Amino acid sequence: LGTWNYVLVGAPVDASGTEKAFEPATGRVIATFTCLGEKEVSLDVENAKAAFKIWSKKCGRERCQILLEAARIIKERKDEIATVETINNGKSIFEARLDVDTCWQCLEYYAGLAASMAGEHIQLPEGSFGYTRREPLGVCVGIGAWNYPFQTACWKSAPALACGNAMIFKPSPFTPVSALLLAEIYTQAGMPPGLFNVVQGGAATGQFLCQHQDVAKVSFTGSVPTGMKIMEMSAKGIKPVTLELGGKSPLIIFSDCNMENAVKRALMANFLMQGQVCCNGTRVFVQKEIIDKFTKEVRVLGFVKLAKEQGASVLCGGDLYVPEDPKLKEGYYMTPCILTNCRDDMTCVREEIFGPVMSILSFDTEAEVLERANDTTFGLAAGVFTRDIQRAHRVAAELQAGTCYINNYNVSPVELPFGGYKKSGFGRENGRVTIEYYLQLKTVCVEMGNVESVF
Ligand SMILES: NC(=O)C1=CN([C@@H]2O[C@H](COP(=O)(O)OP(=O)(O)OC[C@H]3O[C@@H](n4cnc5c(N)ncnc54)[C@H](O)[C@@H]3O)[C@@H](O)[C@H]2O)C=CC1
């Protein structure tokens, strides 16, 4: 992989220039790609429409078989996919392998649902009846952020394809590579050409996709400002959207918690993927009685974790970090940072940092912490650590967030829906409910007798 250079160049018709993708560990350029223009986007939509005609006529069981085969290939190529992800995104290989596991699991899950999607039969007077058909939307667009490139491509495409849609996926220009592996795998598994197409480019290409009249739906993962633009563009075409946006999630640690678990998960809730996870619990509210102990333990464990990862102990200060290894000198590094004595009005507590920074805040009572935890425009996730079972559920019910963790954090089983409240977006990924976002309901009303003239 030392000389690995992926050149992603098609035969551009009206491309708007090229972009480079980097390896964050070393700073070297690993890919050069063409940003697709309006005509190319239109060609892709035409291809997707042709593939949709074939795919939407297949029964659920046939789609299930192909998705299962794709899941099998992902499992077989797990290490290769994880390596590509690590090189292009910069996450650890350990985390990249976990991501790939959530991907084949997602494909298996929606393959399982594909065969059981069904409408209703409704009896009407005089033997007449109605029934509902759950039909795919058509050509759907997926637009992804750079932090989970392969996972986002799978989490969006698996339910879309299981429901009989086609999908055009635009990865982030920072991480353009791994989605191509998914396209290759889907084709190898037996999907018609063009059913899952990867389009490369940045904001301009994304806009062409969202504005295209034959695109039926947009599922977007990214920041709130871009989410607002996506929604505006989609509104003009009356297109449904799914928005998976940013967060500033609270993690509440009560004094009766299991301290060891709370410390371990607070670290994971902040430093997973170098802190670049949308649902990270970056506002850590710790009850006053245990804040000193918690702060001490979280620092100690932080040092151990870092020492393990980097082979040396570094200061816990959020500084730029230059590794000893000469190969890594041009890379992009920062030491994890823990901030104590924070106040709710500080910028680091209010705004999404999307980096390895944990803010610790002290609190006294349950009522107080709930008010403060909910005092945010975001609502993606939240967590609570306590041994009091009634308090755990009471607090989870009061937290204004799409996902609430009790005595854990940052786990995403494919069976559970994931998505935001408030400015963190709407619509869901994963879970049974997500198929509702990729289907439309047709009612068929059947008359069994003769009809009277009303004139
Ligand atoms: N809720 C969730 O599931 C997740 C949310 N995120 C959020 O994503 C953000 C970080 O990702 P970034 O890549 O920096 O976000 P971003 O909003 O800058 O870009 C996301 C994608 O949108 C595209 N884009 C940018 N402008 C566009 C436009 N005008 N029209 C159409 N497409 C456009 C980009 O090329 C990229 O593919 C954070 O806020 C994070 O919280 C990240 C992962 C998961």
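This is a predicted model: local features need pLDDT of at least 70, side-chain atom pairs count only at pLDDT 80 or more; totals for chains, interfaces and linings use all residues.
**Notebook: helices and a sheet**

I started with α5 and helix α6 (residues 178–189): their axes come within 8 Å and cross at roughly 35 degrees.

Next I looked up who touches whom. From α5 I found Pro149, Phe150, Ala153, Cys154, Ser157, Ala158 and Leu161, and they meet Ser178, Ala179, Leu181, Leu182 and Tyr186 in α6. Sorted by class, this contact of α5 with α6 has 10 nonpolar residues, 2 polar and no charged.

**Entry two: the sheet**

Then I went to the strands. I traced an open sheet of 6 strands, ordered β8-β7-β6-β9-β10-β17, with mixed pairing. At the edges I got β8 (196–198) and β17 (425–426), each pairing on one side only. A reminder from class: strands of a sheet pair through backbone hydrogen bonds, either parallel or antiparallel.

Which sense do β6 and β9 use? I looked at β6 (residues 139–143) and β9 (residues 215–221), and they pair in the parallel sense over 5 bridges. I also noted that isoleucine 143 stands opposite phenylalanine 220 in β9.

Back to α5 (residues 149–162), which turns out to pack on this sheet. I saw it touching β6, β7 (166–170), β8, β9 and β10 (241–244), and its direction makes about 165 degrees with that of β7. Helix α8 (residues 224–236) gets a line as well: I found it lying across β6, β9, β10 and β17, running at about 175 degrees to β10.

How do α2 and α4 pack? I got an angle of about 165 degrees between α2 (residues 60–76) and α4 (residues 93–114), with the axes 8 Å apart. Anything over 145 degrees counts as roughly antiparallel, so α2 is roughly antiparallel to α4. The crossing of α2 past α4 is left-handed.

For the contact I listed Gly60, Cys64, Leu67, Leu68, Ala70, Ala71, Ile74 and Lys75 on the α2 side. On the α4 side I have Val100, Trp104, Leu107, Glu108, Ala111 and Ala114. By class, that is 11 nonpolar, 1 polar and 2 charged residues.

Last, the overall picture. I counted 13 helices and 18 strands in the protein chain. Its C-alpha trace spans about 80 × 60 × 40 Å along the principal axes.

Definitions and conventions:
Residues are numbered from 1 along each chain as its sequence is written. Side-chain values use heavy atoms; hydrogens and water are left out. Axes are lines fitted to C-alpha atoms, for helices over the stretch in contact, and angles run from 0 to 180 degrees between N-to-C directions. Helices (H or I, at least four residues) and strands (E, at least two) are DSSP runs, numbered from the N terminus. Angles under 35 degrees count as roughly parallel, over 145 as roughly antiparallel, 65 to 115 as roughly perpendicular and the rest as oblique. A crossing is left-handed if the near helix is turned anticlockwise from the far one by less than a right angle, and right-handed if clockwise. Contact means heavy atoms within 4.5 Å. Ala, Val, Leu, Ile, Met, Phe, Trp, Tyr, Cys and Pro count as nonpolar, Asp, Glu, Lys and Arg as charged, and the others, Gly among them, as polar. Two strands pair if DSSP finds at least two bridges between them.
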